[in-house]
Amino acid sequence: MEWNGLFFFNSALLGVGLAMDAFSVSLANGLQEPGMTKKKMCGIAVVFAGFQALMPMVGWICVHTIVQHFTEFQTYVPWIALILLLFIGGKMLLEGIRKKETQESRKLGIGALLVQGIATSIDALSVGFTISEYGFTMAVVCALIIAMVTFVICMAGVVLGKKFGTGLSDQATIIGGVILIAIGIEIFITGWRG
């Protein structure tokens, strides 16, 4: 692969494809916390962008070092994403149904955000196989493009979630939980078909 417009275009397309799950989770986060600060919105987008850049690089490194072990691990990727997102989404759903939540319990903590970042990007490990013919520098540039695209898409998701979360205040936590559960199921089903 050489440095040309097609390389940058393909990297951006990879970013869009990988960011869709992160977009949906960002939307759910905005729904859950409509009063979120701009700093926190940027933090969410940075975490998702970071994981979406990190995972393809981990995959690339695996291809060039321990490919046989990574192939065995890949069968567990859909299960890991499903379990993580079912846990977070189920917790949100129960909180919304019980309606005993306070404003504090509705706020997204760093631990939950990191789990979301891992859950939505773990399937991006396989992108390391896709970019395995790239040299190290090209793989890093591709990962950075993926991160930039993810950042923009996730910021849009949080902004949309905040906008609609204000109007749906009582149902926002339930909707957010259902979205996360649906994403987990979608990743699981897609992972088994693929």
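User: Which residues in α1 meet which residues in α6?

Analyst: Asp21, Ala22, Val25 and Asn29 in α1 meet Leu113, Gln116 and Thr120 in α6. Contact means heavy atoms within 4.5 Å. By class, this contact has three nonpolar, three polar and one charged residues. Ala, Val, Leu, Ile, Met, Phe, Trp, Tyr, Cys and Pro count as nonpolar, Asp, Glu, Lys and Arg as charged, and the others, Gly among them, as polar.

A word on the source: this is a predicted model, where local features need pLDDT of at least 70 and side-chain atom pairs count only at pLDDT 80 or more, while totals for chains, interfaces and linings use all residues. Residues are numbered from 1 along each chain as its sequence is written, and side-chain values use heavy atoms, with hydrogens and water left out.

User: What makes α1 roughly antiparallel to α6?

Analyst: Helix α1 (residues 5–32) and helix α6 (residues 110–121) pack at an angle of about 155°, with their axes 9 Å apart. Angles over 145 degrees count as roughly antiparallel (under 35 is roughly parallel, 65 to 115 roughly perpendicular, the rest oblique). The angle is about 155°, so α1 is roughly antiparallel to α6. Angles run from 0 to 180 degrees between N-to-C directions, and axes are lines fitted to C-alpha atoms, for helices over the stretch in contact.

User: Why is Asp21 called buried?

Analyst: Asp21 has a relative accessible area of 12%. Buried means under 20%, exposed over 50%, and partly exposed in between (1.4 Å probe, protein chains only). So Asp21 is buried. Asp21 lies in helix α1. Leaving aside neighbours within four places in sequence, Asp21 is in contact with Thr120, Asp123, Ile183, Glu186 and Ile187.

User: Why does Ile61 count as partly exposed?

Analyst: The relative accessibility of Ile61 is 42%, so Ile61 counts as partly exposed. Ile61 sits in helix α2. The C-alpha atoms of Ile61 and Ser132 are separated by 8.5 Å, though the two are 71 residues apart along the chain.

User: How many residues has the largest nonpolar core, and what makes it a core?

Analyst: The largest nonpolar core has 43 residues. Such a core is a set of buried Ala, Val, Leu, Ile, Met, Phe, Trp, Tyr and Cys residues joined through side-chain atoms within 4.5 Å. Those with the most contacts inside this core are Ile44, Phe48, Ile131 and Tyr134. Its largest share, eleven residues, comes from α2.

Notes:
Helices (H or I, at least four residues) and strands (E, at least two) are DSSP runs, numbered from the N terminus.
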